[in-house]
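Please look over the sequence and the model shown below. The report then describes how the parts meet one another.

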2 protein chains.
Amino acid sequence: MVKVSKTKISELGLIDYFSKNLRSKSPSVVRGIGDDAAVIKISKDKYLLSTSDMLIEGRHFKKTDNLYDIGSKAIACSLSDIAAMGGEPKFALISVGLPKRYKLKDVKELFSGIKKTAGRFSIDIIGGDTNQSDKLVLDVAMMGIVKPKNITLREGAKVGDYIFVTGALGGSIYGQHLRFLPRVKESLYLTNRFKLNSMIDISDGLVLDLWRILKSSRVGAVIFESLIPKSKDAKSLEEVLYMGEDFELLFTVSKKDAEKILDKIRKKEIRFPLSFIGKIINKKQQLWLVDKNIRLKRLKPQGYLHF
Amino acid sequence: MVKVSKTKISELGLIDYFSKNLRSKSPSVVRGIGDDAAVIKISKDKYLLSTSDMLIEGRHFKKTDNLYDIGSKAIACSLSDIAAMGGEPKFALISVGLPKRYKLKDVKELFSGIKKTAGRFSIDIIGGDTNQSDKLVLDVAMMGIVKPKNITLREGAKVGDYIFVTGALGGSIYGQHLRFLPRVKESLYLTNRFKLNSMIDISDGLVLDLWRILKSSRVGAVIFESLIPKSKDAKSLEEVLYMGEDFELLFTVSKKDAEKILDKIRKKEIRFPLSFIGKIINKKQQLWLVDKNIRLKRLKPQGYLHF
């Protein structure tokens, strides 16, 4: 059922290639290619986040999917990227390639989805581009603001960190991937109260996105099957581990902060679903799963890739 | 020869629809949809410009066009938008949909075009997205910085203003549209020395883009055929007036500043091609051409639309 592909040289190789070949030169670029969003210093206490996501008919959604949902998803994906950096989303530019077959009512439906989700998170659509295209293509470039102390990169995970994940995983392919609610408020709640050492949003599956943290941070991890929150739509452990587009937040914190978080979860002071799923260990890029029978199993970096 | 389309309700109508329906709410948005780039106040003396442009195979370039040129053009289009606002381009996010048929060498060629033109204008590529697509699609979101006093909107043209254009127009379809040099330095030269009341870059033809200034500024214009600089590639007056993708700057200044500019052109202190082509008049949205036989002819807002 799940489209699980091996870590493809193609996409991951390309990203490595671009990261090396398009290294930023400006001193104001705190973080360029290689995280959920780029970070640019604009003043002492204000950094600009920016990210872009392209959605293509037949890859990220089906031709027959609801246009309102597609518009909403285009915004939500970028919101999730800004959330994964600990930021507050602010502005978006939207470029669209519209199929000739669309009538004005189709375009309006698409844009009402964009507008609704943008409005819900107080995003201003400040510009964009419209073109004709064979297939529907949307590209959303989003900007946000983040306090320097709240920035959460992929590279900050430390040995001994506790790993947490919001929501429940798996089953997104059955429609949820179009209708998820990006964890913007949850990210702000967490980054304003705790020191998150690393964070990423799960767009390509728990295993692949956790592996990205491990790779950037030069650490390993062990996760426990019994602790991983499973979506009611998930049909197998494979879906929970490898299915993309959950758009939940995956982050690591020190033991001290983890205990505070666990205490708040127990006291129901944290009202959104949040689970402790494992720990960061001193094994570079190694990811281990403790399964239900307490057997240790090494997981390979594979997941859902849009390539 | 020229693909001249009537002002299509489709694209212009859509832009109007979006402008009305996606009005910005944040007080920091100085200018949202409806100009070459959005303007956001980030501090008292620094405003952020942002713009996005989508290029699609079969619309903005041919499948057989040189990939280096296509990559270069994707960056150059956005550079031209930032220039048209009086700004200094700084950062770009690039989303690409890459056809399955591409080999690594094709991708490298595309990116070497992107990298070369970005480097030439000191742009940092800070992020993006890669996907697979049937046809090649590129979306560049670019950010720039502008001093508040230098911002040049479409809406500031005043009756009596002199109209100027950089470079020479027409014939871009014969290859030049892939290899143009955006007028970034020229824009900075002009905005740092003169008060430009309005400016736009010519992406959809002189007539349509001038008409956009007239519409935004609620004024009219008269231009003189004999004064309009013609590209050596242009095969007819029609191409000079209506052909898109010249990416030259079109701007208006007061008579006083115009005289200073004309003096500098005469003394060869302005070293780039710059021509006085007409004047702003008190006739809302009316555009008149004085042809070679000194006959007055009204021009309709038509040009090259990518829709």
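This is a predicted model: local features need pLDDT of at least 70, side-chain atom pairs count only at pLDDT 80 or more; totals for chains, interfaces and linings use all residues.

Residues are numbered from 1 along each chain as its sequence is written, chains are lettered from A and ligands numbered from 1 in the order in which they are written, and side-chain values use heavy atoms, with hydrogens and water left out.

**The interface**

Contact means heavy atoms within 4.5 Å. By this rule, 58 residues of chain B touch 58 residues of chain A. The two chains bury about 4800 Å² between them, of which 63% lies on carbon and sulfur atoms; buried area is the accessible area (1.4 Å probe) that two parts lose on being put together, summed over both. In chain B, the most area is lost to chain A by Met54(B), Ile126(B) and Gln132(B), which together account for 13% of what that side buries.

How many salt bridges does the rule find across the interface of chain B and chain A? There are 2, where a salt bridge is a side-chain nitrogen of Lys or Arg within 4 Å of a carboxyl oxygen of Asp or Glu. One salt bridge joins the side chains of Asp134(A) and Lys135(B), at 2.6 Å from N to O.

Helices (H or I, at least four residues) and strands (E, at least two) are DSSP runs, numbered from the N terminus. Elements of chain B that each supply at least two residues of the side touching chain A include α1 (9-21), α3 (104-120) and β5 (124-133). The most comes from β5(B), with 10 residues. By class, this side of chain B has 27 nonpolar, 18 polar and 13 charged residues; Ala, Val, Leu, Ile, Met, Phe, Trp, Tyr, Cys and Pro count as nonpolar, Asp, Glu, Lys and Arg as charged, and the others, Gly among them, as polar.

**Helix packing**

Two packed helices are described by the angle between their axes and the distance between the axes. Axes are lines fitted to C-alpha atoms, for helices over the stretch in contact, and angles run from 0 to 180 degrees between N-to-C directions.

| Helix pair | Axis distance | Crossing angle |
|---|---|---|
| α2(B) and α3(B) | within 6 Å | roughly 35° |
| α2(A) and α3(A) | within 6 Å | roughly 35° |

In chain B, the residues of α2(B) that meet α3(B) include Leu67(B), Ile75(B) and Leu79(B). The residues of this contact divide into 9 nonpolar, 5 polar and 3 charged.
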